[in-house]
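Biologist: I have a protein model to go through before the group meeting. Could you take me through it?

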Amino acid sequence: MPVVIPETVLVLAGPFGERLGAGRVAGAIARGLTAGGRQECDVCALEEDLGVRTDDASKLLDAANFSERMRAARAVVIVCTRLDDRTLAGSVAFEAATRARQSGVPAYAVTAHNALDSFEARIVDLQLVLEADTARGLSAAAKELATLV
């Protein structure tokens, strides 16, 4: 029996400040992935900042049925305003990347501010971290990711 690789890319997005809400951020990423050749996107927009520590990270992902959606995807794209070593542990982004790593699903990130060094990104098992801070930039980053996922 041949192995079937899913085509869906799961986009987990949070807001980029007040000017770009989670829905617009997720939409920009989905448009870029589609423009790059990925036809199927599962968009999960959360109104919380994914890069900030929270005691509710696991609960937020569980409420969005993240684990099941992630296991049905070929890759996860985590989109948040900031990735850094001070806030990563305990954040929704960290929890999502950890679940992806444990399930064997590759995780990528798009962020406005990447303060992780390559070792820190590797610890969380992020395949690639791209930077973008506008809707147009997010779409361009996602179009680039589409060739990799």
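Modeller: We can begin with confidence and overall architecture, and then turn to individual residues.

Biologist: What is the average pLDDT of the protein chain?

Modeller: This is a predicted model, and the protein chain averages a pLDDT of 91. Of the residues, 97% score at least 70.

Biologist: Where is confidence lowest, and where is it highest?

Modeller: The lowest confidence is in helix H4, residues 85-88, with a mean of 76. Strand E1, residues 9-13, has the highest, at 96.

Biologist: How many helices and strands are there, and in what order do they run?

Modeller: The protein chain has seven helices and five strands. Starting from the N terminus, the order is β-α-β-α-α-β-α-α-β-α-β-α. The chain is as compact as a globular protein of 149 residues, because its radius of gyration is 14 Å, close to the 15 Å from the globule rule.

Biologist: What does the C-alpha trace span along its principal axes?

Modeller: The C-alpha trace spans about 45 × 30 × 30 Å.

Biologist: And what share of the residues is buried?

Modeller: Buried residues account for 48% of the 149. As for the surface, the protein chain exposes about 7,400 Å², and carbon and sulfur atoms supply 50% of that area.

Biologist: What part of the contacts comes from residues 24 or more positions apart?

Modeller: Such pairs make up 75% of the contacts with a separation of 6 or more.

Biologist: Changing topic to charge: how far apart are the mean positions of the positive and negative charges?

Modeller: They are 4 Å apart, with 16 positive and 20 negative charges in the protein chain.

Biologist: Now for single residues. Where is isoleucine 29 found, and is it buried or exposed?

Modeller: Isoleucine 29 is in helix H1. It counts as buried because its relative accessibility is 0%, and the cut-off for buried is under 20%.

Biologist: Which residues is isoleucine 29 in contact with?

Modeller: Leaving aside neighbours within four places in sequence, isoleucine 29 contacts Val11, Val77, Val79, Val110, Leu138 and Ala142.

Biologist: Let us move to the loop between helix H1 and strand E2. Is arginine 38 buried or exposed?

Modeller: Arginine 38, which lies in that loop between H1 (22-35) and E2 (41-45), is buried, with a relative accessible area of 14%. Beyond its neighbours within four places in sequence, arginine 38 is in contact with Glu7, Val9, Leu33, Arg74, Ala146 and Val149.

Biologist: What about glutamine 39: buried or exposed?

Modeller: Glutamine 39 is also placed in the loop between H1 and E2. Its relative accessible area is 60%, so it is exposed, the cut-off being over 50%. Between glutamine 39 and serine 118 the C-alpha distance is 30 Å, with 79 residues separating them in sequence.

Biologist: Where is proline 15, and which residues does it touch?

Modeller: Proline 15 is in the loop between E1 and H1, and it is buried at 13% relative accessible area. Not counting residues up to four places away in sequence, it touches Leu20, Gly21, Ala22, Val25, Leu46, Glu47, Glu48, Asp49 and Thr81. From proline 15 to alanine 57, 42 residues apart in sequence, the C-alpha to C-alpha distance is 15 Å.

Biologist: One last topic, backbone angles. What is phi of asparagine 65?

Modeller: Phi of asparagine 65 is near 55 degrees, a positive value in a residue other than glycine. Asparagine 65 sits in the loop between helix H2 (57-63) and helix H3 (66-71) and counts as partly exposed, at 37% relative accessibility. Its C-alpha atom is 22 Å from that of threonine 81, which is 16 residues away along the chain.

Biologist: And what is phi of aspartate 125?

Modeller: Aspartate 125 has a positive phi of about 65 degrees, and it is not a glycine. This residue lies in the loop between helix H6 (118-123) and strand E5 (126-131). Aspartate 125 is buried, with a relative accessible area of 17%.

Technical notes. Residues numbered from 1 in each chain as written. Predicted model: local features only at pLDDT ≥ 70, side-chain atom pairs only at ≥ 80, totals over all residues. Heavy atoms only, no water. pLDDT = per-residue confidence, 0-100. Helix = DSSP H or I, 4+ residues; strand = E, 2+ residues; numbered from the N terminus. Rg over C-alpha atoms; globule rule 2.2 N^0.38 Å. Buried < 20%, exposed > 50% of the residue type's maximum accessible area, 1.4 Å probe, protein only. Contact = heavy atoms within 4.5 Å. Areas by Shrake-Rupley, 256 points an atom, 1.4 Å probe, with all protein chains shown as cover. Lys, Arg positive; Asp, Glu negative; His and termini not counted. Charge placed at Lys NZ, Arg CZ, Asp CG, Glu CD.
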